[in-house]
Amino acid sequence: MNTKQMAAEQAVQYVQDGMKVGLGTGSTAYWAIAKLGERVAEGLRITAVATSVASEEQARGLGIPLLGFGEIGRLDLTIDGADELNDRLELIKGGGGALLREKIVAMNSDRMIVVADESKAVPKLGRFPLPVEIVPFAWEWTLDAIRALGCTPELRKSGDQLYRTDNGNYIADCRFGEIASAQQLADALQRIPGVVEHGLFIGIASLAIIGHSDGRIEVKEPAV
Ligand SMILES: O=C[C@H](O)[C@H](O)[C@H](O)COP(=O)(O)O
């Protein structure tokens, strides 16, 4: 079993009968959805919503009951991956382009558990370029405004084309270097009108489960 799978499967142990569950996106969340599918096949009764078309398709294929947002109400638990996490459980997310849906789902959940392999745990956020979802309209001006915050933004590509999120938007991958204050950067990005959402998740994850290559599974609460 790989380290992502170890972490993801451990997180699924927090899912109990009757829960409403948010399904994350990416190669780590994939293993959580796979394990949930096994448990559903064994009789676990849950309902779920997905954070991406890919996760929705995976869940549907496994027979995990999916509900609409108008039917399900507030979620008990969301399990999702991250591109980076620090000791305060501040995250960078969006490497797979799903950050907007992921943030909506996580913030409508009583609890978010982040699952990751050890490579994602860092002392300071910023080695991974911060994904920022922007509207296509006047994207050049939006990139200028992001650049003025002190980074080199690059529009994400998919082959020869500009990458589009599940919401039809662009992603700017922003190299800020070491991020001194995630909150200050989040506030500044949010003030730019063309920015739909950014990949900084602050005060959202309440538990991290990290798989280590020596076989250890680390369970971490946010440091104060
Ligand atoms: O947009 C994608 C998500 O934020 C993912 O959860 C994140 O990129 C981590 O993905 P992975 O588990 O594949 O490293």
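Me: How are residues numbered, and which pLDDT limits apply?
Reply: Residues count from 1 along each chain as its sequence is written. The model is predicted: totals for chains, interfaces and linings use all residues, local features need pLDDT of at least 70, and side-chain atom pairs count only at pLDDT 80 or more.

Me: Which domains does the assignment give?
Reply: Domain bounds come from an automatic or database domain assignment. For this chain the assignment gives domain 1 (3-122 + 202-220) and domain 2 (130-192).

Me: How many residues of domain 2 are in contact with domain 1?
Reply: Contact means that two C-beta atoms, placed from the backbone, lie within 7 Å. The C-alpha centres of the two domains lie 24 Å apart. From domain 1, 12 residues take part; from domain 2, the number is 11.

Me: Is E102 buried or exposed?
Reply: A residue is buried with 20 or more other C-beta atoms within 10 Å of its own, exposed with 12 or fewer, and partly exposed in between; C-beta atoms are placed from the backbone. E102 has 32 other C-beta atoms within 10 Å, so E102 is buried.

Me: Which residues is E102 in contact with?
Reply: Neighbours within four places in sequence are left aside. What remains for E102 is G24, T25, T51, D80 and K93.

Me: How many residues of the core are there, and where does the core lie?
Reply: A nonpolar core is a set of buried Ala, Val, Leu, Ile, Met, Phe, Trp, Tyr and Cys residues joined through C-beta atoms within 7 Å. The largest one has 55 residues, with A11, A32, V114 and V115 having the most contacts inside it. Domain 1 and domain 2 both give residues to this core, so it lies between them.

Me: How many residues of helix α1 are buried?
Reply: Helix α1 spans residues 3-12 and is largely enclosed by the rest of the structure. Its cover includes α2 (29-41), β3 (77-80) and β6 (112-117). Of the 10 residues in α1, the buried number eight.

Me: Is V196 buried or partly exposed?
Reply: V196 sits in strand β12 (residues 195-198). V196 touches L100, E133, I134, V135 and N169, leaving out residues up to four places away in sequence. With 18 C-beta neighbours inside 10 Å, V196 is partly exposed.

Me: What phi does L89 have?
Reply: Most residues other than glycine have a negative phi. L89 lies in the loop between β4 (84-85) and β5 (91-92). L89 is not a glycine, yet its phi is positive, about 60°.

Me: What phi does A138 have?
Reply: A138 is in the loop between β7 (130-134) and α6 (139-147). A138 is not a glycine either, and its phi is positive, about 55°.

Conventions:
Helix = DSSP H or I, 4+ residues; strand = E, 2+ residues; numbered from the N terminus.
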